[in-house]
Amino acid sequence: APALRPSRPRRGPAAPRQHQRGCPRSAPGLARLQRIGRRGGPGRSCCGAPAGDMGLEPLFQAWSYFRRRKFRECADVCSQLLERPPGEQVAGAGPRREAAAAWNLKTRALTEMVYVDEIDMDQEGIAEMILDENAIAQVARPGTSLKLPGTSQGGGPSPAVRPVTQSGRPITGFVRPSTQSGRPSTMEQAIRTPRTALTARPITSASGGYGRLGTASMLTNPDGPFINLSRLNLTKYAQKPKLAKALFEYIFHHENDVKNALDLAALATEHAQFKDWWWKVQIGKCYYRLGLYREAEKQFKSALKQQDMVDTILYLAKVYLRLDQPVTALNLFKQGLDRFPGEVTLICGIARIYEEMNNISSAAEYYKDVLKQDNTHVEAIACIGSNHFYSDQPEIALRFYRRLLQMGVYNCQLFNNLGLCCFYAQQYDMTLSSFERALFLAENEEETADVWYNLGHVAVGIGDLNLAYQCFKLTLVNNNDYAEAYNNLAVLEMRKGHTEQARALLQTASSLAPHMYEPHFNVAILSEKVGDLQRSYTAAQKSEEAFPGHVDTQQLIKQLKEHFAML
């Protein structure tokens with residue numbers, strides 16, 4: 001019978017620390033970059049002195065704070081202006097005009113404090129994935145659906161080399177909200193997925209994330225909400241375009257009240273005689289948040305007819321991806337490139353779709369096109385480096401990760417990946433020092449567990465099984481749901497002759513990660529050796545379901561069928 005097969009190393013590209021474009025987050029094995037929306041935050045004065053020391057007029061001082069991204073100070077100054085008695089006013093400005101300006105500025109400041117870019121904010125929860133009624137066809141044609149990524153193989157590495165999520169999609173080199181949704185095929189699989197699984201999170205619903213954003217009013221205003229929406233006359237504000245736009249963004253982003261935001265947008269676009277494309281985009285965003293994707297598609301298409309904008313194309317592509325129409329989204333991106341040649345976000349969108357459809361070679365080509373336009377694009381560098389690493393080219397991957405280091409990325413994920421690349425490129429002098437730096441920079445237990453797991457693989461590679469055993473144990477100390485560590489510990493226990501301990505560890509690994517084929521295959525081998533052929537056959541079938549192209553599993557099933565035929 002074939003020998004026991006350990007899990008493959010979980011390694012990958014690193015994540016940058018950027019204020020506006022994203023922040024890092026580790027995943028089991030391959031560290032990946034996470035891309036989230038732009039978040040507002042406090043800024044610093046160019047001269048280092050507070051604006052109050054400059055003797056500025058209060059409204060201008062608040063505007064200065066806003067321009068320097070000191071949104072809390074801006075809101076405080078505006079609050080003081082709004083609390084003034086009606087008789088006090090600034091020379092040359094009426095009380096109503098000053099109050100309106102302060103109200104508008106405070107609304108914008110509070111919005112910027114919690115603003116998240118809707119283009120990048122896209123998470124599917126268990127309800128969105130299992131109870132989806134927007135499917136075009138229950139059984140999609142091969143290569144036309146994101147729910148069946150394995151049907152459109154594009155020459156990428158197999159699951160024997162590159163780790164996959166529970167949906168069969170390879171782990172990407174850059175963590176984004178859309179890459180963390182596992183798309184479980186059954187309700188049982190979705191519920192059994194551990195809440196802490198970093199490669200597939202069906203429990204965290206998009207509605208939950210938006211709900212947390214909506215609590216910002218309690219955080220930014222301890223005395224209560226700045227605007228009482230229930231007493232607001234939306235018709236009156238809809239007739240004032242400048243105030244209406246600021247009010248809409250406040251309601252939509254700060255208060256998370258999509259219904260009132262939609263009512264305001266509908267009244268405002270009616271007042272604009274349906275000729276303002278901006279309001280149509282906002283209505284589309286409200287429909288998308290409410291799950292009315294076809295209505296959102298109509299609004300975005302109408303806005304594109306009036307004003308061709310890159311953001312509108314990205315919003316419309318999001319709708320098609322949620323409707324599971326990746327081919328339509330690809331065509332939309334390519335049409336957008338005809339009108340906006342060299343637009344990085346459109347090229348990157350095409351690469352992401354190809355990557356989610358498991359067409360790794362096409363994704364790599366488009367990521368290279370992204371670097372031709374923007375050679376500091378972190379996501380493209382990380383994904384190309386990941387592709388080279390899993391294609392058995394660690395030397396080339398090392399060049400890409402070194403480029404990230406030169407760009408100022410300095411975190412646990414990057415040094416974790418540098419250590420793995422150095423080890424597989426036989427540059428052993430840098431391997432342990434990179435992992436030591438990664439452990440020093442780890443910000444949470446999940447990142448520490450990733451580093452210890454990869455150190456365990458390095459120990460296996462150099463033949464020090466006692467060190468490997470300790471590293472995998474330390475992995476489980478930091479993250480008790482690390483299925484790969486359970487699997488590899490079982491292999492080491494089996495080498496020591498501890499059959500029962502190995503069986504228990506393999507059962508734990510298979511229950512934590514049913515999408516991995518290694519635990520099922522190892523259970524099949526172990527059961528076949530002790531004579532439990534029925535359990536071996538059942539586990540081998542699960543292994544074949546997880547990885548249909550695994551030759552050892554096919555040979556084992558063939559041997560078991562011959563045994564059953566003899567009986």
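Reader: How do you know that helix 14 spans what is expected of a helix with 14 residues?

Author: In this predicted model, helix 14 covers residues 326-339 and reaches 20 Å from its first C-alpha to its last. The expected span is 1.5 Å times one less than the number of residues. For helix 14 the expected value is 20 Å, and the span is close to that.

Reader: Which residues of helix 14 are called buried, and what makes a residue buried?

Author: A residue is buried when its relative accessible area is under 20%. In helix 14 the buried residues are P326, A329, L330, L332, F333, G336 and L337.

Reader: Why are the buried residues of helix 14 said to line one face?

Author: Seen down the axis of helix 14, they fall within an arc of 160°, and therefore they line one face of the helix. Among the elements that cover these buried residues are helix 13 (310-322) and helix 15 (344-356).

Reader: What makes R72 partly exposed?

Author: Partly exposed lies between the limits of under 20% for buried and over 50% for exposed. R72 has 32% relative accessibility, so R72 counts as partly exposed. D76, at 35%, also counts as partly exposed.

Reader: How do you know that D276 and K245 form a salt bridge, and where in the chain do they lie?

Author: Their side chains meet at 3.9 Å, N to O, and the cut-off is within 4 Å. The pair links distant parts of the chain, 31 residues apart: D276 is in the loop between helix 10 (258-271) and helix 11 (277-290), and K245 is in helix 9 (residues 241-254). K245 counts as partly exposed at 30% relative accessibility.

Reader: Is E297 called buried or exposed, and why?

Author: E297 has a relative accessible area of 9% and is therefore buried, the limit being under 20%. R294 and E297 both lie in helix 12 (residues 293-306), 3 residues apart. Salt bridges that share partners join R294, E297 and K301 into one network.

Note on methods:
Residues numbered from 1 in each chain as written. Predicted model: local features only at pLDDT ≥ 70, side-chain atom pairs only at ≥ 80, totals over all residues. Heavy atoms only, no water. Helix = DSSP H or I, 4+ residues; strand = E, 2+ residues; numbered from the N terminus. Buried < 20%, exposed > 50% of the residue type's maximum accessible area, 1.4 Å probe, protein only. Arc of directions from axis to C-beta. Contact = heavy atoms within 4.5 Å.
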